[in-house]
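Please look over the sequence and the model shown here before reading the briefing that follows.

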Amino acid sequence: MLWSWVWAVFARPLPRSMGCGWKRFLLRLFGAKIDNTAVVYSTARIYYPANLTMGPNSCLDNNVNCYNVDMVTLGKNVTVSQGAFLCPGSHDIYTHKHTLITAPITICDNAWVAVNALIGMGVTIGEGAVVGAGACVFKDVEPWMIVGGNPAKVLKTREMRD
């Protein structure tokens with residue numbers, strides 16, 4: 001609860017990507033492991049900073065919901081675009097109490113999670129992979145694949161031109 005208040009008062013009022021160093025400081029104060037070049041936009045929502053690791057040049061864009069009840073790890077040069085939902089938790093549908101279950105999310109180097117995508121618990125997005133806008137990913141994505149849809153399916157291989 002304290003974390004939510006601190007972010008709402010000291011980070012959220014800042015314009016978009018301004019004050020990146022200050023926001024990294026606040027996140028680190030609450031246990032996050034964030035590279036000095038990572039960017040967290042003011043409107044991103046991070047449930048529990050201690051379960052967040054961000055590599056060099058990684059970014060949580062506007063309105064990303066990082067509901068990290070388990071570890072969420074972003075490698076280097078990772079972009080998580082506007083409105084994406086990173087959700088490493090669910091509920092056990094085989095119990096009457098619907099007990100919370102969790103598994104970490106890993107987004108590897110040079111991957112991109114596009115606008116409004118959902119990444120479910122236990123998923124690894126491979127190096128260089130792209131998750132298309134609005135995709136729902138519940139299984140690992142192989143390196144350099146482009147996926148889209150609900151549930152996400154492989155669309156093609158990502159081939160870099162430079």
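By class, how many nonpolar, polar and charged residues does the lining of the second largest pocket have? That lining has eight nonpolar, no polar and four charged residues, where Ala, Val, Leu, Ile, Met, Phe, Trp, Tyr, Cys and Pro count as nonpolar, Asp, Glu, Lys and Arg as charged, and the others, Gly among them, as polar. This is a predicted model, in which local features need pLDDT of at least 70 and side-chain atom pairs count only at pLDDT 80 or more, while totals for chains, interfaces and linings use all residues. Residues are numbered from 1 along each chain as its sequence is written, and side-chain values use heavy atoms, with hydrogens and water left out.

**Pockets**

- A pocket is an open set of points, on a 1 Å grid over the protein atoms alone, where a 1.4 Å probe fits, with protein on both sides within 12 Å along at least five of seven lines, and its lining residues have an atom within 4 Å of a point.
- The largest pocket holds about 270 Å³ of space, a volume being the space filled by probe spheres set on the points, which are joined across faces, edges and corners.
- Its lining is made up of 16 residues, and those nearest the centre are Trp 3, Ser 4, Ile 46, Tyr 47 and Tyr 48.
- Twelve residues of this lining are nonpolar, two are polar and two are charged.
- At least two lining residues come from each of α1 (2-10), β3 (45-46) and β6 (65-66), with helices (H or I, at least four residues) and strands (E, at least two) taken as DSSP runs numbered from the N terminus; α1 gives the largest share, four residues.
- The second largest pocket has a volume of about 160 Å³, and the residues that line it include Cys 136, Phe 138, Asp 140 and Pro 151.
- Two or more residues of the lining of the second largest pocket are given by β17 (136-137) and by β19 (153-157).

**Helix α2**

- Cys 20, Lys 23, Arg 24, Leu 26 and Leu 27 are buried in helix α2, which spans residues 20-29; buried means under 20% relative accessible area, exposed over 50% and partly exposed in between, with a 1.4 Å probe and protein chains only.
- These residues lie on the same side of α2, because they cover an arc of only 160° around the axis, the arc being that of the directions from the helix axis to the C-beta atoms.
- Among the elements that cover the buried residues of α2 are α1, β1 (33-34), β2 (39-40) and β3, where contact means heavy atoms within 4.5 Å.
- Gly 31, which follows α2, has a positive phi near 105°.

**Cysteines**

- With a disulfide taken as a pair of cysteine sulfur atoms within 2.5 Å, the count is zero.
- Cys 20 is in no disulfide, and the nearest cysteine sulfur, that of Cys 59, is 8.2 Å away; Cys 20 counts as buried because its relative accessibility is 17%.
- Cys 66 is likewise in no disulfide, the nearest cysteine sulfur being that of Cys 87 at 9.7 Å, and with 0% relative accessibility Cys 66 counts as buried.

**Backbone**

- Most residues other than glycine have a negative phi, and most peptide bonds are trans.
- Asn 150 and Pro 151 are joined by a cis peptide bond with omega about -5°, and Pro 151 is in the loop between β18 (145-148) and β19.
- Asn 110, although not a glycine, has a positive phi of about 65°; Asn 110 lies in the loop between β12 (105-107) and β13 (112-113), and at 26% relative accessibility Asn 110 counts as partly exposed.
- Asn 116 also has a positive phi, near 60°, and is found in the loop between β13 and β14 (118-119).
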